[in-house]
Amino acid sequence: MAIYRNKWEKLLTPKRFGRESVPPIDKARSPFMVDHDRILFSDSFRRLAGKTQVHPLTANDHVHTRLAHSLEVASVGRGLGTQYGYFLQEKGDLPGFAEPYHIGEIVQAACLAHDIGNPPFGHAGEYAVQEWFKDRANERYTNGLSSAELVDFESFDGNAQGFRVVNVVENEREQGGFRLSYPTVASVVKYPRSSSEARRAGSKKFNFYQSEQAFFGQVFTELGLVREGKFLRHPLSYLMEAADDICYRIIDMEDARELGILRYEDIRGVLAPVWKLMNVDEARLGAMHSDRARVSYLRSLVIGVLVQDILRVSRERYDALMQGEALGAYMDFASAQVRDYMQNAKICFNEVILKHPQKTSLEIGSYSVYKRLLDVLVPAVHNMVHGRELTYREERAVSLMGSHILSSNYTLYQAYLTVIDFITGMTDSYATFVAGQFAGGGRSL
């Protein structure tokens, strides 16, 4: 018993940016609940209400935004984390300064922040940024970047942008951002590597830019998550990831039914592998007045099944995780029925939802939005950094960014990061509006 207690004392330290000493934990309002509230009340989190989850610019109020999705993931994550906290307590590994519900608070806060760096139009926005910086027509603007800096933009990812938003952009810019506790910061991280490391590994996923590398190393070193020069994932990040996986598969289908892309019968078919595990009350299901109500009922049941399976996995993989093994997502170790359901849902998403003409046309349009924004803003800050006299158009472009451009002494890399901060902080509708204005649209908000 209590084999890994010393590790958890490090993993749960409430230390945060700018504080040398660590005050005692207030059990009525823990530092992890403070983290939750700082995220919840922030501008970046609030703007998720205007960002795509899967279906851009829909007029259907029942369809999820990134904000609704994040709140639901946080709810599932809190439950997973709290139950995991009791598991740690039973093992004797929970430090004396912590309570089981503190684990739930950390996972909940991490879940709230997990999509905070997503750009307008979701993954389509990520691809649009990547392709702009890869375009040889824009080489005159990228030639001044180091190879590692350029890879940050060519591999642009919402996960790394989220780490930057949380720790640099929001609240106290370049002074620790939200100044979250280190356990919460690390629990948001699924890919503890740089863009260059990811590229060498043949992956597109990473979690920090060159600009945040020093702080990333500071946090993970403090938490004891460095081994042989490599960063390890925080154990609670696996629960954050699982909460996201649990929610988005069923919710993506629920939204698709709202938009007429899927039928109720299609969703039942996807759920077939776990139907018996769900203990569906068929009489209650049949008596419901609408397919919306039926899908809502099934969603609650399947989430319950997946939560219990993930908790089983977390217990079974505990020793391997604490010994530093590089694990895949907990969902990879789920029961055969759960994995079959998730595979069905993945196929449904990729082959039906993702290829729906309405979604495809809007994603194509999002490329034009990003091109217009980047074609104006990048040349303006490029000339500013090089000390050239700005045209009136360029001056207005820089002024539009306001506080996002803080210093004319920025390097080219820093200036481009602030452009990305500005654009990715927009909602879908605001990005579309500004791009329209740049094209001479003429209307005002």
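This report describes the cores, helices and aromatic contacts of a predicted model.

## Nonpolar cores

The largest nonpolar core has 97 residues. Within this core, the residues with the most contacts are W8, Y84, M253, L271, M278 and Y341. Helix α17, which covers residues 291-316, gives the most to the core, with 13 residues. In soluble globular proteins, nonpolar side chains tend to be buried together.

What does Y84 touch, not counting residues up to four places away in sequence? The contacts of Y84 are W8, I103, L236, L239, L311, S314, Y318, L321 and Y330.

Helix α2 (residues 31-40) is largely enclosed by the rest of the structure, because seven of its ten residues are buried. The buried residues are P31, F32, V34, D35, H36, D37 and I39. The elements that cover them include α3 (43-46), α5 (100-113) and α10 (182-187).

Helix α20 runs from residue 357 to residue 385 and has 29 residues. From its first C-alpha to its last, α20 reaches 42 Å, close to the 42 Å expected at 1.5 Å a residue. After α20 comes G387, which has a positive phi, near 70 degrees.

## Aromatic pairs

A pair of aromatic rings is described by the distance of the centres and the angle of the planes. The count for this model comes to 23 aromatic pairs. One of them joins F133 and Y416, in a tilted arrangement with 6.1 Å centre to centre and 55 degrees between the planes. F133 belongs to helix α6 (residues 122-134) and Y416 to helix α22 (residues 412-424), so the pair ties together parts that are 283 residues apart in sequence. Both F133 and Y416 are buried.

F208 and F216 also form a pair, with ring centres 4.3 Å apart. Their planes meet at 35 degrees, so this pair is tilted. F208 is buried, as is F216. Both belong to a cluster that ring pairs build from F17, F163, Y182, F208, F215, F216, F220 and F231.

## Charges over rings

Which residue lies over the face of Y264? R294 does, at 5.7 Å from the ring centre. In a further case, R317 lies over the face of F333, at 4.3 Å from the ring centre.

Definitions and conventions:
Residues numbered from 1 in each chain as written. Predicted model: local features only at pLDDT ≥ 70, side-chain atom pairs only at ≥ 80, totals over all residues. Heavy atoms only, no water. Core = buried A, V, L, I, M, F, W, Y, C linked by side-chain atoms within 4.5 Å. Buried < 20%, exposed > 50% of the residue type's maximum accessible area, 1.4 Å probe, protein only. Helix = DSSP H or I, 4+ residues; strand = E, 2+ residues; numbered from the N terminus. Contact = heavy atoms within 4.5 Å. Expected span 1.5 Å × (residues − 1). Phe/Tyr/Trp six-rings, centres within 6.5 Å; stacked < 30°, edge-to-face > 60°. Lys NZ or Arg CZ within 6 Å of the ring centre and 35° of its normal.
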